[in-house]
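The following note sets out points for a colleague examining this model.

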Amino acid sequence: MMRCTLGRAPLLACGLAVSVLLGAGAASALAQQDQAQQAEPDQALAPYAGIRLVRVVPDQKTYQAALDTATSVWTHRPAPGRAVELLVSDDGIAALTDLGLAPVVLIDDIQREVDAHMELVTRLAAQRGANWYDNYKTYNEIVTRVQGMAAARPDLASTSVFGSSLEGRDLVEITITGPDQPGNMGGSRPVVLLNGCQHAREWVSPMTVTYLADELIARYDSDPRVRALLDSARVVIAPMVNPDGYVYSWTNERFWRKNRRGGFGVDLNRNWGYEWGGEGSSGSTDSEIYRGTAPFSEPETAALRDLSLSFGPDLVSHLDYHSFSQLVLWPFGYDFGVTTPEPDRTLFDNLSNEMSASIQSVYGEFYTPMQSVDLYPAAGDSSDWYYGQLGVTSFTIELRDTGSFGFVLPPDQILPTAEENFEGMLLFAERTTQLLSFSLVAPVPAFVEAGQTNDLDVNVVEGVGTLDSSSVRLHARVGGVGSFVETPGASVGGDTYRLTLPAAPCAETIEFFITAQTLAGQTLAFPSGGESAPLSVDAAELTTIFADNFESNLGWSVSGNVSGTASGVWERAVPNGGGDRGDPVSDFDGSGRCFLTGAADGNTDVDGGTTILTSPAFDLSANPEASIAYSRWFSNNAGGAPDEDVMLVEISSNNGASWTEVETVGPNTSESGGGWFARTVRVADFVAPSAQVRLRFSASDLGSGSVVEAGVDAVRVEEAACSSPGGCNAADLAAPFGTLDFSDVVAFLGAFGAMDPAADLAAPFGTLDFSDVVAFLGAFGAGCP
């Protein structure tokens, strides 16, 4: 049976399957609605002629008068004494000047900006790129995408229509959770609710929320954290709460904020019932923060409320996604001076800071964590209702950016915005639904050294449970047979515990999982499947052929068409930058030095060309399984024209006469916004190992204004192999391999007598005893397949 896998690819290949699964009538209706949405150009998105975007800082006396000059307020929660961004006409600029506010023009011609933005969106739509998240999508495209996810993975996802908008458009949600398990039915699991697009003009919001659904489904089979979450919780996602306003922002007014009530609209995020009608909302239909005639007067908010209430006490947490400003906001926010009671205030403060750090770890973008009211009061918003009325942990996320583009965020910012917020969402969901959550400090390596123990560090973090710190355990076995042997972990500070993988003979596989208990005696496993779905790593003899931490010069060369430290050439040095323009603040491995672009001049970025760093030659003629490990840093997301340049990594087997691409970093990926990333590549996957293998890194500034910063550190050339070809199982220790005979008995007895790790076949590993004899006899008796 064909499986329609979506991932991040377009739905083109899945269109027929989706049509069949949804029903031809439904698919046809969606297509017709989408065509109608695209073909309504009467007002042509042109209400902004002669309008500029300006920034002012009004005081208490001039605040309201400043807002009255604007055709639209862009700042999320404007307040006296804070910078406020306003759309104003020439008359408005004159009025602001008369108030003594000295407006700073951020965008001189908003209509031109909108026209260029829509031209780009239209052009990208016609190109139909390989990644669905390369461009903004219409309401119907988003609905189709979400329904397609559920059609492709009915074991994980289902959709429903939970209400209708004022103009009759469907409000669609997708519920994502793992398959039912004995005593753990999907319908009884706690619920995390995510919603997007309460405000129509915030186009990156529904795109991000749709991506979160896509990625949860895509990662379930491969990411132990995602599997653990979905096996114990339901994530319910409503990407589009305000479809009428969203459609109107495509066809008539790009910066329309509210729903379409009466042509004037209601601000849905002032229409929620907790402390409705207070500060930061308005009773005037002309206001962008018009709260409506009563709490939940709008069908959109009423429908989302009813969906939320349908979960009863299972609903434990909620995220509401908006743009822009890069904020993580927690309740309360309905009035001046309101405080969140303890212990929730401390919990929210800590959790918002954790989320901010998790988001920042992806691209380096900082989202400011704070209580909502610290910006300015906003009565009647959703997070206050979820927390104040239902007792649910509820945050508001303000997505990219901080004002450079605002609501006309370029399409190439969609994916990085979504990727960084996936990490924040995952952490939030873990903390609010999981008793304990686990994450490995470093990925499981491809190999560990055979014949010796190897350390593995894991973070065990409290969620809604309290950890018994003495309960962290590793469960491991070697060779895929026998019972898993339990060994205790040791705390190394904070939430981190060190576990020790057992020694294993070369070519054997170590399988393992981790458990911990709460003080209430509940046991959690990582991966969640425990011994039925363990992690694994192969043991090998690791031969180091070359290792360089760049504390001395081992023969690297620098070339390219840029020159001088002021142009950002590669230099071996200690990082001395502040990180504010994407440059590293430290090396990767802690030795001190690494190679950097323009290090001697304050980590000057690459300018006007390409700087190339080339390794010495590696003789790998006798190492067919050699691999090269390196850590690299690349940032190009600052400057007047960010995300235009790349760093190229290449390999040569003929001393540099020709080069083969290993990877291109950038121009706009999760690893082109700064940060050290470790990579290991098998040489033979790219070129034939020879006596003249070289590696090179090329950092380029070829665009019109990226700030390009790059670094390289911790380069190692190794070969993971076994001195013998290996046998069919743990007892096949001697030639002829693939057959068990007396030679294997002799080899085992010899290894046992010599205390050779090759005979260490059973726990307790690191000690040779009768259990190893039993394990050998068991494997010998099982025979070769």
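1. Gln517 and its partner. In this predicted model, Gln517 has Thr523 in strand 21 as its bridge partner. Strand 21 comprises residues 523-526 and is joined to strand 20 by four bridges, the two running antiparallel. Together, strand 20 and strand 21 make a hairpin in which five residues lie between them. Within that turn, Gly521 shows a positive phi of about 90°.

2. The other partners of strand 20. Strand 20 also pairs with strand 22 in the antiparallel sense, over four bridges. In that pairing Thr509 has Asp538, a residue of strand 22, as its bridge partner. With strand 16 (residues 473-478), strand 20 pairs over six bridges, again in the antiparallel sense. Here Ala476 stands opposite Phe512 of strand 20.

3. Burial of strand 20. How many of the nine residues of strand 20 are buried? The count is seven, and the strand, which spans residues 509-517, is mostly covered.

4. Phe550. This residue is not a glycine, yet it has a positive phi of about 70°. Phe550 sits in the loop that runs between strand 22 (535-548) and strand 23 (557-560). Is Phe550 buried or exposed? Its relative accessibility is 0%, so Phe550 counts as buried, the cut-off for that class being under 20%.

5. Gln326. A positive phi, here about 60°, is also found at Gln326, which is likewise not a glycine. The loop between strand 9 (315-323) and strand 10 contains Gln326. Because its relative accessibility is 4%, Gln326 counts as buried.

6. Cis peptide bonds. The bond from Glu342 to Pro343 is cis, and its omega is near 5°. Pro343 is placed in the loop between strand 10 (327-330) and helix 11 (344-363). Arg400 and Asp401 are also joined by a cis peptide bond, with omega about 0°. Asp401 has its place in the loop between strand 12 (393-399) and helix 13 (414-433).

7. Strand 18 is joined to strand 19 (residues 496-501) by three bridges, and the two run antiparallel. Ala490 stands opposite Arg498 of strand 19.

8. The largest cavity. Two cavities of 30 Å³ or more are present in the structure, and the largest holds about 50 Å³ of space. Its lining consists of Tyr139, Ile142, Val143, Val146, Asp170, Leu171, Val172, Pro239 and Met240. Which element supplies the largest share of that lining? Helix 6 does, with four residues. Helix 6 (139-152) and strand 6 (170-176) each supply at least two residues of the lining. By class, the lining of the largest cavity has eight nonpolar residues, one charged residue and no polar residues.

9. The second largest cavity. About 40 Å³ of space lies in this cavity. The residues lining the second largest cavity are Val73, Trp74, Thr75, His76, Arg201, Glu202, Arg257, Ser323, Phe324 and Phe407. By class, four of them are nonpolar, three polar and three charged.

10. The chain as a whole. The protein chain contains 15 helices and 32 strands. Of its 785 residues, 53% are buried. Along the principal axes, the C-alpha atoms fill a box of roughly 95 × 65 × 55 Å. For 785 residues, a compact globule would have a radius of gyration near 28 Å; the chain has 29 Å, which agrees with that expectation.

Notes. Residues numbered from 1 in each chain as written. Predicted model: local features only at pLDDT ≥ 70, side-chain atom pairs only at ≥ 80, totals over all residues. Heavy atoms only, no water. Pairing = 2+ DSSP bridges. 1 Å grid on protein atoms, 1.4 Å probe; cavity = no way out; pocket = protein on both sides within 12 Å on 5 of 7 lines; lining within 4 Å. Points joined across faces, edges and corners; volume = space filled by probe spheres on them. Nonpolar A, V, L, I, M, F, W, Y, C, P; charged D, E, K, R; others polar. Rg over C-alpha atoms; globule rule 2.2 N^0.38 Å. Buried < 20%, exposed > 50% of the residue type's maximum accessible area, 1.4 Å probe, protein only.
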